[in-house]
Amino acid sequence: SAKIYYDNDADLSHLKGKTIAILGYGSQGHAQAQNLRDSGCDVIIGQRAGSPNYDLAVSHKFKPTSVEDAVKAADVINILLPDEVQGDIYRDSIKPHLKPGNVLMCSHGFNMHFGQVEPPQGVETVLVAPKGPGHLVRSEYVKGGGVPSLIALGEGSGEVTRQIGLAYAKGIGGTRGGVIETTIAEETETDLFGEQVVLCGGVSELVKAGFDTLVEAGYQPEMAYFECMHELKLIVDLFYQGGLSYMRYSVSNTAEFGDYTRGPRIITDETRKVMKDILTEIQTGQFARDWILENRAGTPAFKSVRRRERDLPIEHVGRKLRSLMSWIDAKEV
Ligand code: NDP
Ligand code: MG
Ligand code: MG
């Protein structure tokens with residue numbers, strides 16, 4: 001089983017005298033930067049001007065500079081920009097200013113694993129990835145806790161860099177929750193697989209198919225929305241608290257019997273075979289190439305699917321029903 005590091009396994013003195021540049025003051029950037037500063041580290045911010053995130057950094061008493069200037073002034077550089085822009089920004093504004101001895105970091109391995117961020121000679125790499133969104137990384141730290149995180153040493157990187165990575169993980173509060181050792185390949189491939197097969201792709205299609213089946217059979221769309229989408233939250237909350245067993249303990253015996261006898265007919269051997277195919281596309285880099293090329297073309301297919309999906313009947317009926325439930329913090333995009 002996995003190696004897990006806690007507070008006593010990490011020493012903040014490995015960051016002493018080092019300047020940490022956080023590039024991007026978004027979800028992860030704002031949280032990691034503030035936590036590190038509160039842990040006594042020397043933190044600077046590279047964030048483009050003229051955006052709300054720039055103003056946020058200023059309001060938090062940082063003096064953000066350009067990405068270039070932050071890299072020039074730093075020893076440890078963490079790229080916390082959106083994954084799809086990291087490659088271009090790395091080539092244009094980061095790599096030319098890296099110096100031997102610098103440590104290059106990230107919180108998701110996509111670009112390092114798929115060759116979009118390749119460190120020059122003398123620069124080592126380490127990933128530290130909180131397993132939660134930035135606002136939680138910040139709020140747990142402020143409460144004295146921390147979000148469990150991952151650490152992965154880049155190819156060819158050594159023990160000094162691991163110590164710096166562990167110190168960084170301690171600085172953001174990660175070692176309070178536990179820091180699991182992984183590799184950049186494992187972090188990247190499992191993250192992509194989870195979001196494609198289960199979390200985003202799988203569950204969205206499951207919900208849509210269930211909704212469509214009821215509506216096509218003549219049931220009212222409002223009923224289909226409640227049964228196939230709205231109630232999903234109740235089930236997921238039970239998973240989150242106590243796994244499959246607690247969900248099955250909490251629902252009716254009728255629901256539990258239906259789960260055991262009908263669920264395996266939905267996720268069949270054929271579905272499991274497709275999951276393996278999707279994993280292979282991730283491992284071979286085929287998915288990464290598709291996504292990088294799509295971005296290079298200005299995301300035409302991506303934008304068109306997004307537009308079509310926003311206009312589905314389930315989205316229209318959902319918008320109407322959510323407005324009737326005042327306790328829901330209803331969002332529109
Ligand atoms: P966000 O989208 O929240 O923030 C991105 C930051 O980059 C913003 O400050 C944004 O500034 C800036 N930025 C965006 N586009 C550009 C550009 N073209 N040029 C310069 N700056 C730009 O990103 P996240 O914090 O969500 O993600 C950062 C990294 O952390 C990613 O690698 C992600 O995979 C990883 N991660 C994210 C998690 C999460 O829960 N969000 C969890 C774990 C890892 P501006 O306001 O100017 O657009
Ligand atoms: Mg992901
Ligand atoms: Mg029911």
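Around ligand 1, 24 residues make up the shell, with Gly-24, Gly-26, Ser-27, Ser-51 and His-108 the closest; a residue counts as near when its C-beta atom, placed from the backbone, lies within 6 Å of the molecule. Two or more residues each come from helix H1 (27-38), helix H2 (52-59), helix H4 and strand S6 (124-130). Helices here are DSSP runs of H or I with at least four residues, strands are runs of E with at least two, and both are numbered from the N terminus. Sorted by class, the shell holds 11 nonpolar, 11 polar and two charged residues, where Ala, Val, Leu, Ile, Met, Phe, Trp, Tyr, Cys and Pro count as nonpolar, Asp, Glu, Lys and Arg as charged, and the others, Gly among them, as polar.

This is a predicted model, in which local features need pLDDT of at least 70, side-chain atom pairs count only at pLDDT 80 or more, and totals for chains, interfaces and linings use all residues. Residues are numbered from 1 along each chain as its sequence is written, while chains are lettered from A and ligands numbered from 1 in the order in which they are written.

On to the sheet. Eight strands line up as S1-S8-S7-S6-S5-S4-S2-S3 in an open sheet with mixed pairing; two strands pair if DSSP finds at least two bridges between them. At the edges sit strand S1 (4-5) and strand S3 (42-46), each pairing on one side only.

Strand S4 (residues 76-79) is covered on both faces: Val-76 and Asn-78 are buried on one side, Ile-77 and Ile-79 on the other. Buried takes 20 or more other C-beta atoms within 10 Å of the residue's own, exposed 12 or fewer, and partly exposed is in between, with C-beta atoms placed from the backbone. S4 pairs in parallel with strand S2 (residues 19-23) over four bridges, and Ile-20 stands opposite Val-76. Four bridges also tie S4 to strand S5 (residues 103-106), again parallel. Across that pairing, Val-76 faces Val-103 and Asn-78 faces Met-105. S4, helix H4 (residues 83-94) and S5 together form a right-handed β-α-β unit: with the strands pointing away from the viewer, the path from the first strand over the helix to the second runs clockwise.

Finally, Ser-252 carries the UniProt annotation "binding site" from an unreviewed entry; such annotations may be inferred rather than shown by experiment. Ser-252 lies in the loop between helix H12 (232-250) and helix H13 (253-266), and counts as exposed because it has 8 C-beta neighbours inside 10 Å.
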